[in-house]
Amino acid sequence: MARIFTFRGKSVEELQGMSIADFGMLLKSRQRRALLRMGIGYKSLIKKVEKAKKSGSEKVIKTHAREAVILPSWIGMKFAVHNGKEFKEMLITPEMLGHR
């Protein structure tokens, strides 16, 4: 039997239906603070993700925002995060939620 993933007692479907503020209340204090402050780079990353979801493209989203808190709406998307030298590609899984 497959194990069903939950984050603080919520299923992935419930999490994806939440707003960013509601999801922030489930996070630990450091991640919640970073999410609520949202720097300029983080806001632009959220706009990129929304644009990619609306267009339905499977393109990799490149970003330099290494400190971004992973949101439920990003599950299943591919990101290329810059490590200072090159972009490292990664697929977002449910286990990564709330991490930076």
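## Threonine 63 and its contacts

Threonine 63 is found in strand β3, where strands (E, at least two residues) and helices (H or I, at least four) are DSSP runs numbered from the N terminus. Leaving aside neighbours within four places in sequence, threonine 63 is in contact with Leu45, Ala80, Val81, His82 and Phe87, contact meaning heavy atoms within 4.5 Å. Threonine 63 counts as buried because its relative accessible area is 7%, and buried means under 20%, exposed over 50% and partly exposed in between, with a 1.4 Å probe and protein chains only.

This is a predicted model, in which local features need pLDDT of at least 70 and side-chain atom pairs count only at pLDDT 80 or more, while totals for chains, interfaces and linings use all residues. Residues are numbered from 1 along each chain as its sequence is written, and side-chain values use heavy atoms, with hydrogens and water left out.

## The largest nonpolar core

A nonpolar core is a set of buried Ala, Val, Leu, Ile, Met, Phe, Trp, Tyr and Cys residues joined through side-chain atoms within 4.5 Å. The largest one here has 26 residues, and those with the most contacts inside it include Leu45, Trp74 and Phe79. Two or more residues each come from α1 (12–16), α4 (40–55) and β4, and α4 gives the most, with 5 residues.

## Glutamate 67 in its loop

Glutamate 67 lies in the loop between β3 (61–63) and β4 (78–82), and it counts as partly exposed because its relative accessibility is 48%. Its C-alpha atom is separated by 5.2 Å from that of arginine 100, although the two residues are 33 residues apart along the chain.
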